[in-house]
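Dear colleague,

Please find below the structure that I am handing over to you.

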Amino acid sequence: MSTTTPPTRLDSALSSLLSRLIPDRLPHETQEQADARWEAANDRARSLINSAADAEADEGSDGRWEDVEFVAEELRRRMRDEGDDDGEERAQRLGGLVERLQVQKVLGRKGGILWFLGRVAEDMRREEEGGKGNEGERLLGMPRSRGMGSPRARPVGERATGPRPQEASVGAEQKDDIANGRVEQGGGPTEAALMRGLPFTLQGLSSTNLVFEDDVSLKLPPTLPVPMIALLHALAEPALLYRSLAKFAEKSETGGLVSQSLQSAIGMELRSYLTLVAQLEGQIRRALLSVDDQAPKGGLGKTGVTLKRLVVWTRDATIALRLMSLIVESSRGKKGGELISCIHDYATSHGDPFVHTFAERLLGNIMKPFYSMLRRWVYDGELEDPYQEFFVHENSDNEDGMGPGATSVWEHKYALKPAMVPSIMTPDFANRVFLIGKSLNFIRYSCADSPWVESHSLTSSRELSYGDTATLSSSIDTAYTAVMARLLSLMETKFALFTHLTALKKYLLLGQGDFIALLMESLADNLDQPANSQYRHTLTAQLEHAIRNSNAQHDNADVLRRLDARMLELSHGEIGWDVFTLEYRIDSPLDVIVTPWASKQYLKVFNFLWRVKRVEFALGTTWRKCMTGARGVLAAVDDKLGADWKLARGAMAEMIHFVDQLQWYILFEVIEAGWEGLQKSIRKPDATLDTLISAHTAYLKSITRKGLLGGGAIDFPTQLHELLKLMLSYKEAVDALWSISIDEFGRRQERAAKIETRTKAGRWGLTEADDDASSLSTRSPIPALLSMGSSKPLDEHAVLETLRQRLKSLRGDFRAKITVLLGDLRDQPDTDMRFLGVVMNFNDVYQPARRRRAPGGKTKG
């Protein structure tokens with residue numbers, strides 16, 4: 001039983017080599033003659049290999065045939081000895097091929113490979129000349145060294161079973177096509193026939209042999225050899241890419257102006273590709289006119305146009321089409337700045353110079369609508385972006401740009417979209433562009449200075465283009481400087497920003513001392529009345545009186561016109577002091593800096609300072625009364641009320657010290673220090689409107705935080721309000737003590753006068769009846785203040801004792817609350833707030849209390 005030996009690696013390699021070198025079927029041959037020629041060539045090749053292996057095994061090898069240079073020199077000598085006209089040229093070409101062979105590191109036994117190829121070429125040349133050649137003659141007259149990958153002295157087996165490559169029977173109906181060169185011997189079209197329809201294929205059109213089944217597939221003839229199929233695969237890629245890109249360039253729907261520019265740029269590149277196809281078509285037609293049907297493969301190699309050369313000629317175009325296809329795929333769903341960033345990544349992040357150059361060329365066309373929008377925004381302050389592709393977005397709810405105030409125009413009309421900023425710009429550069437356009441728009445509509453904007457556009461406008469980085473950067477810098485300088489100049493001169501900020505500090509932050517003192521003195525009697533009895537015209541009249549009689553009369557008329565007195569919302573039981581406030585009206589465009597939030601902060605600080613000032617005024621009035629009566633009324637009742645007045649004066653001194661230190665800290669350490677920082681920020685050379693807004697906001701936040709009005713873990717405003725209320729209550733108690741003192745002083749004066757009159761009349765100064773009358777008249781002068789809920793009238797002794805207990809209780813509460821406040825100030829991270837606690841307790845008269853921490857992390861008093 002015989003078995004078939006499977007083909008070895010050498011058999012497969014030899015069969016593949018012969019299929020490339022030996023034509024399948026010549027036009028004048030029959031199928032039997034072609035098979036016989038194939039068998040003869042196969043036997044000849046195997047006999048050459050076996051004979052060389054046998055000779056090497058019998059005689060050994062001296063190593064010369066392992067030397068590539070030796071074999072190459074022998075081959076060049078034989079070529080020169082043949083005497084042909086092209087022998088010298090063939091020898092030179094052989095030298096180049098040998099150099100390429102030597103640099104191939106994966107091949108072994110290069111000398112044997114070179115010898116074998118030379119022998120095969122010699123035999124083919126002899127066959128072309130008509131001679132059969134000597135089967136036993138060697139090309140160089142020496143035994144072949146080990147090569148071709150076969151082991152030493154191993155004979156080659158029989159021919160591998162199975163048909164030879166690309167073998168197929170040819171029907172009678174194909175004989176005419178074979179004879180005319182339209183199809184190969186194996187039944188497939190010839191290379192010339194494929195090349196004839198290739199220009200149509202490269203344009204995305206079906207031809208006779210290459211048919212497009214759909215947009216993504218091209219049908220190839222099934223009987224073509226593998227090498228030709230590989231070449232057609234390479235040529236099918238640009239055809240399929242062109243077909244898909246042409247549809248993208250011709251589609252009508254678009255995602256925006258930048259997307260339209262991308263379509264236009266790709267269309268231009270496709271037209272360049274079609275120019276290349278037209279040139280190739282001309283080359284193919286000239287080559288087909290000179291085809292020799294009798295030469296191998298029609299003689300296409302001599303014409304200079306083959307499928308291989310067409311692959312080489314279309315290589316750069318294929319890469320460009322491939323890159324455009326990648327760009328189209330990656331740009332789906334993107335527009336504007338995002339699309340530009342996508343393409344710019346190819347220009348900056350790819351190491352291939354061809355890809356870089358091609359992406360830069362595309363960007364030159366794609367960036368035109370973007371730079372048109374940029375130019376309009378930077379020089380006119382107008383946003384022309386119908387498809388929302390620019391990195392500046394206009395809010396739809398403020399299209400007219402004229403909201404309730406300038407704040408809406410500046411803060412809410414336009415917004416910066418970081419995702420749409422192209423990668424060709426840095427975030428800082430994009431922010432400068434955003435500020436330029438927003439400032440121009442603000443100058444045009446809010447500041448009513450359109451003539452300057454139009455003049456700026458005419459004198460400063462420049463053409464912007466991609467690649468001209470120096471011009472773009474200098475244009476933006478110049479426009480930024482000019483626009484910011486103009487905007488700040490308008491704010492300072494036309495709208496008197498700094499004048500109004502100074503007025504806010506003087507009138508709402510109590511910087512104008514004489515005006516505030518006079519206003520408080522003139523309003524004191526009215527504000528002591530219930531809140532529902534206050535009238536707007538009365539408050540306005542007292543405000544004008546304070547302005548006329550203080551240095552405020554020398555202020556700007558526009559500033560005084562904006563100053564007004566009004567009342568807050570009324571609540572039950574409140575008096576005028578609780579609802580009175582001053583208001584300073586701010587108009588557009590200044591309300592972009594003094595925002596409604598800022599106005600509320602000014603009102604909050606004014607109300608707090610007004611309350612502190614009221615306590616200072618009340619304590620000062622009582623203190624002056626006590627000091628002036630110390631040598632008169634109080635000295636007369638010192639035996640009875642001296643100890644009480646000593647304690648009252650000491651407690652009032654502590655309270656006055658506390659209020660003075662609190663006022664000094666807020667007015668100088670907080671407001672003045674913050675004002676100085678605001679002035680420095682405003683005067684910076686590179687200041688913008690955003691700089692002014694942020695500086696003013698930081699100024700107010702510093703006042704509210706350091707002025708003990710800000711929120712935090714410790715509620716300072718509540719502590720201070722309780723202390724101020726406690727001081728007013730103590731002041732009322734001291735006034736009650738003063739009333740008792742005055743009543744006692746009056747009775748003593750009346751009794752002394754009665755004694756003196758009776759003595760002069762020769763009678764007793766006092767009688768028992770006078771003592772009884774004196775005891776019946778000791779009713780309380782202030783029953784409403786100290787009544788403890790009893791319907792019975794209290795005598796003077798009971799009233800005095802009750803008053804003493806109240807004064808003692810208020811003093812104790814004041815000390816307790818101030819020690820808690822000092823303890824909280826001592827633990828603050830801010831240096832100025834800790835220093836306030838130091839100056840309030842400079843002689844350590846108080847012992848600051850440390851708060852206990854609750855389990856939840858909060859503090860307890």
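To begin with charges and rings, Lys 438 lies over the face of Trp 410, and the distance to the ring centre is 4.3 Å. A second case involves Arg 683, whose charged end sits over the ring of Phe 498 at 4.4 Å from its centre. Please bear in mind that this is a predicted model.

I turn now to contacts between rings. A pair of aromatic rings is described by the distance of the centres and the angle of the planes. Searching the whole structure gives 16 aromatic pairs. One of them joins Tyr 507 and Phe 515 in an edge-to-face arrangement, with 5.3 Å centre to centre and 85 degrees between the planes. Tyr 507 has a relative accessible area of 0% and is therefore buried, the limit being under 20%. Phe 515 likewise counts as buried, at 0% relative accessibility.

Another pair is formed by Trp 675 and Tyr 699. Their ring centres are 6.1 Å apart and their planes stand at 65 degrees, so this pair is edge-to-face, for which the angle must be over 60 degrees. The pair links distant parts of the chain, 24 residues apart: Trp 675 belongs to helix 26 (residues 638-682), while Tyr 699 belongs to helix 27 (residues 689-706). Both Trp 675 and Tyr 699 are buried.

Finally, there is a cluster in which ring pairs link Phe 370, Tyr 371, Phe 390 and Phe 391.

Yours sincerely

Definitions and conventions:
Residues numbered from 1 in each chain as written. Predicted model: local features only at pLDDT ≥ 70, side-chain atom pairs only at ≥ 80, totals over all residues. Heavy atoms only, no water. Phe/Tyr/Trp six-rings, centres within 6.5 Å; stacked < 30°, edge-to-face > 60°. Buried < 20%, exposed > 50% of the residue type's maximum accessible area, 1.4 Å probe, protein only. Helix = DSSP H or I, 4+ residues; strand = E, 2+ residues; numbered from the N terminus. Lys NZ or Arg CZ within 6 Å of the ring centre and 35° of its normal.
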